[in-house]
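This briefing describes one chain, topic by topic. Please keep the sequence and the model at hand while reading.

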Amino acid sequence: FITKSTQAVLGVLSKLKWKEGKDGCLSASPSLKLCYTFLYILLTACSKNYVFSLIMAGGTILALATYPAETMKQTFGAVLFSALILLPAVFIGNPQILLIITTKVFVSVTLIGILSAGTSWNKLTASLRSFHIPDIFIFTLDITLKYIAVLGEICMEILTSLRLRSVGQNRKKAQSFSGILGISFLKSREMAEEMYAAMCCRGFVGEYKTQKTSTFRKQDILSLLLMIGVTGIFIYFEGLWK
């Protein structure tokens with residue numbers, strides 16, 4: 001029980017690490033990544049031509065091939081779930097619905113997975129300022145993500161201490177699990193009060209300031225050209241140019 005719980009906590013923590021190495025030297029700026037990810041998902045969702053969805057699916061597969069296998073597993077899980085939900089449509093004479101929606105779900109989930117796998121979380125939250133997102137929303141999101149990682153590390157320490165004090169087989173697993181949750185809750189409340197007091201001492205007034213970086217880089221040129229090209233393909237297949 002302790003070993004499985006430890007592995008589960010480690011699995012969550014491994015996805016919440018803010019690694020600078022996730023951003024390659026040829027990667028676009030985080031703000032532009034958010035922009036073209038939202039644009040591609042919007043165009044795919046609004047497309048009525050299945051050929052455009054296939055083109056987007058082919059492009060996302062090529063991009064996905066450059067990322068680790070873990071990203072592919074997350075994508076195919078969501079696609080398989082949507083396919084199972086829409087499977088009855090095949091038997092009632094509408095198989096095209098299964099193909100269309102499954103393809104769009106694949107493109108959307110893959111784009112989000114690529115964004116998450118190729119960009120650090122702290123840079124994503126900081127880039128939200130470029131879209132004039134309210135400061136309180138960015139601050140809440142950033143603090144929540146960081147505190148999940150901190151509380152996860154506390155749970156790891158509690159599980160380690162429980163392992164060291166355990167002898168034999170524990171048949172009261174629910175009692176041990178409730179104790180871990182109770183200690184984590186008390187610790188989170190204590191940390192929240194300490195953070196609030198620290199923010200008051202520092203004169204926090206609700207403004208979430210981030211380090212200013214250059215809004216445009218040379219690596220962004222290729223992404224901008226791709227955005228223009230995909231938008232042109234969408235207009236062509238949807239017949240909006242007429």
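**Helix α10 and its surroundings**

In α10, the buried residues are Asp 220, Ser 223, Met 227, Val 230 and Phe 234; buried means under 20% relative accessible area, exposed over 50%, and partly exposed in between, with a 1.4 Å probe and protein chains only. Viewed down the axis of α10, these buried residues fall within an arc of 85°, so they line one face of the helix; the arc is that of the directions from the helix axis to the C-beta atoms. The model is predicted: local features need pLDDT of at least 70, side-chain atom pairs count only at pLDDT 80 or more, and totals for chains, interfaces and linings use all residues. Residues are numbered from 1 along each chain as its sequence is written, and side-chain values use heavy atoms, with hydrogens and water left out.

- An α-helix has 3.6 residues a turn, so residues three or four places apart point the same way.
- The face of α10 turned away from its buried side carries the exposed residues Leu 222, Leu 225, Ile 228 and Tyr 236.
- Helix α10 runs over residues 220-238, 19 residues in total, and spans 27 Å from its first C-alpha to its last, close to the 27 Å expected at 1.5 Å a residue; the expected span is 1.5 Å times one less than the number of residues.
- Cover for the buried residues of α10 includes α2 (30-46) and α3 (50-64), where contact means heavy atoms within 4.5 Å.
- Gly 239 follows α10 and has a positive phi, near 75°.

- Tyr 36 is located in helix α2.
- Leaving out residues up to four places away in sequence, Tyr 36 touches Ala 28, Ser 223 and Met 227; Ser 223 and Met 227 are among the buried residues of α10.
- Tyr 36 and Leu 111 are 75 residues apart in sequence, and their C-alpha atoms are 9.5 Å apart.
- In α3, the residues Phe 52, Ser 53, Met 56, Ala 57, Thr 60 and Leu 64 are buried.
- Helix α3 has 15 residues and reaches 21 Å from first to last C-alpha, close to the 21 Å expected at 1.5 Å a residue.

**Surface and charge**

- Leu 80, Leu 84, Leu 87, Phe 91 and Ile 92 make a nonpolar surface patch of about 580 Å².
- Such patches are made of residues with over 30% relative accessible area and no salt bridge; like charges are joined within 9 Å, and nonpolar side chains (Val, Leu, Ile, Met, Phe, Trp, Tyr) within 5 Å.
- Leu 84 belongs to helix α4 (residues 69-85) and is exposed, with a relative accessible area of 55%.
- The whole structure has 1 salt bridge, defined as a side-chain nitrogen of Lys or Arg within 4 Å of a carboxyl oxygen of Asp or Glu.
- A salt bridge joins the side chains of Glu 193 and Arg 189 (3.6 Å, N to O).
- Both Glu 193 and Arg 189 lie in helix α9 (residues 173-201), 4 residues apart, about one turn of the helix.
- Glu 193 is partly exposed at 46% relative accessibility, and Arg 189 is exposed at 51%.

**Whole chain**

- The chain has 10 helices and 0 strands; helices (H or I, at least four residues) and strands (E, at least two) are DSSP runs, numbered from the N terminus.
- Of the 242 residues in the chain, 31% are buried.
- Among contacts between residues at least 6 apart in sequence, 80% join residues at least 24 apart.
- The chain exposes about 15800 Å², with 69% of it supplied by carbon and sulfur atoms; accessible areas come from the Shrake-Rupley method with a 1.4 Å probe, and for residues only the protein chains shown count as cover.
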